[in-house]
Amino acid sequence: MLPSARIWSQRLAPFKKAEDGRAVLELLITIIPFFALWAAIWAGVSAGQYWAVIGFIPAGGLLVRLFIIQHDCGHQAMFKHRRVNDWVGRFIGILTLTPYDHWKRGHALHHAGSGNLDRRGMGDDIVTMTVEEYKAASKWGRFKYRLYRHPIVMFGIGPAYVFFLHNRLPLGAMKEGFKPWASALLTNLGVALLYGVLIWAVGWKVFVLIQIPTVIVAASIGVWMFYVQHQFDDTHWSRTGEWDRKHAALQGSSYYDLPAWLMWVTGNIGVHHVHHLSARIPFYQLPKILKTYPELKSVGRLTFLQSLKCVKLALWCETQKRMVSFQAVKIKA
C-alpha cells in the first residue's frame, strides 16, 4: 500500500529546487530550435519547397514545450527569483498567445480546487457535469454539454478559439478589475509587434501558412494533455466535506506514461500527479523523482493507447466514483 499523499508531499519537498543554470539551458534548447525551425520552414517555402510547411508539426510541439516553461514560471518553479520567472513567463506568453499574469491566477485557482466537486469551473478547469446534473438538465443544456464534449470541439475548435480569440479579451474576468485586461492588452501589443515584424519580413501569406497551423497544433496538443491528466476513468472527485487537496492532487491527476521523446516535448507534464501534489517542483526535476520513487509510476498510470479511451468519458458518477460515458447514462423521456 502506497503512503498517504501528505507523506508523499513531505518526501518530495527536497525536489522543490529551481536551478537557474538548468532553467536557462532548458529555455535555450527549446526557443532556439523553435525559431530555427520557423526560419527553415520559411526558407523552404520561399524556395518553392512547399512540402517544408509540414514543419509546423514539430514547431507546434516546441511551442507546447515553451508553454510548459511559461507554466513553471507561473508556479515560481522555473527560476529562483520571482521577477525572472514573471518576465520570462510574460515574454513566452507573447509566443504562446497567453496573457501570463491573467492565466497564472486562473491556473492557481485550478490547483487550489482540483478534484472538488463544489469548486468546479474555477480557473482553467474543463467543465465536468455529474450524472445527476446531466439527467436534471434541459434538452438544450444536455445538447450544449454534449457539443462542448465532442472531440472536434474539445480538441480542435475549442483550443483554436481559446488561444486566438478568448485570450485576447478576458471578458469573464471583468469583476477582477483592470489587472486581467492589462495582462491581455500588453500581451496583445507584444503579439501585434511580433506578428507585424514577421508579416513585414516574410509576407502575410507565408506567415499564415506557417504560424496559424503551428499555434493550432500546439493548442490542440496542450488541451489534449490537460484533458487526459484529469479526465480519466479512476480520477478523483469529492464534495467539500470529504475533499482533501493533497489526496485529490495525487489521486485525481494521471501519470501519462509517454515515450521519452514525447515526455521531452511536453516538458514532463505527464508526471501530473506529482506536479499537482507539489507544483513548486520544476519540470526538469520530475524524471528524477520517478527514478527515486518508481512506485509513483503506478499511480493513475495511462499509456497513450489507454488515453484514447478517455475521449468517451464525459460525466462523473458520484455513486461509482468514476468517469463514465454518455452512453452509460439512461435519460427518461
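Mentor: We'll talk about salt bridges, then a helix, then a surface patch.
Mentor: This is a predicted model, where local features need pLDDT of at least 70, side-chain atom pairs count only at pLDDT 80 or more, and totals for chains, interfaces and linings use all residues. Residues are numbered from 1 along each chain as its sequence is written, and side-chain values use heavy atoms, with hydrogens and water left out.

Trainee: Okay, how many salt bridges are there?
Mentor: The count is 10, taking a salt bridge as a side-chain nitrogen of Lys or Arg within 4 Å of a carboxyl oxygen of Asp or Glu.

Trainee: Which residue does glutamate 26 pair with?
Mentor: Its partner is arginine 22, with the closest N and O atoms 2.7 Å apart. Helices here are DSSP runs of H or I with at least four residues, strands are runs of E with at least two, and both are numbered from the N terminus.

Trainee: Is glutamate 26 buried or exposed?
Mentor: Glutamate 26 is buried, at 5% relative accessibility, while arginine 22 is partly exposed at 33%. Buried means under 20% relative accessible area, exposed over 50%, and partly exposed in between, using a 1.4 Å probe and protein chains only. Arg22 and Glu26 also belong to a salt-bridge network with Arg65.

Trainee: What about aspartate 257, which residue does it bridge to?
Mentor: Aspartate 257 bridges to arginine 301, the closest N and O atoms being 2.9 Å apart. Aspartate 257 is in the loop between β2 (255-256) and α12 (260-265) and arginine 301 is in strand β3 (residues 301-302), so the pair ties together parts 44 residues apart in sequence.

Trainee: New topic: which residues of helix α7 are buried?
Mentor: In α7 (residues 139-149) they are Gly141, Arg142, Tyr145 and Arg149. They cover an arc of only 95° around the axis, so they sit on the same side of α7; the arc is that of the directions from the helix axis to the C-beta atoms.

Trainee: And what's on the face turned away?
Mentor: That face of α7 carries the exposed residues Lys139 and Trp140.

Trainee: Last one: which residues form the positive surface patch?
Mentor: Lys16, Arg82, Arg245 and Arg280 form it. Patch residues have over 30% relative accessible area and no salt bridge, with like charges joined within 9 Å and nonpolar side chains (Val, Leu, Ile, Met, Phe, Trp, Tyr) within 5 Å. Arginine 280 is partly exposed at 47%, in the loop between α13 (272-277) and α14 (286-292).

Technical notes:
Accessible areas come from the Shrake-Rupley method with a 1.4 Å probe; for residues, only the protein chains shown count as cover. Lys and Arg count as positive and Asp and Glu as negative; His and the chain ends are not counted. The place of a charge is taken as NZ of Lys, CZ of Arg, CG of Asp or CD of Glu.
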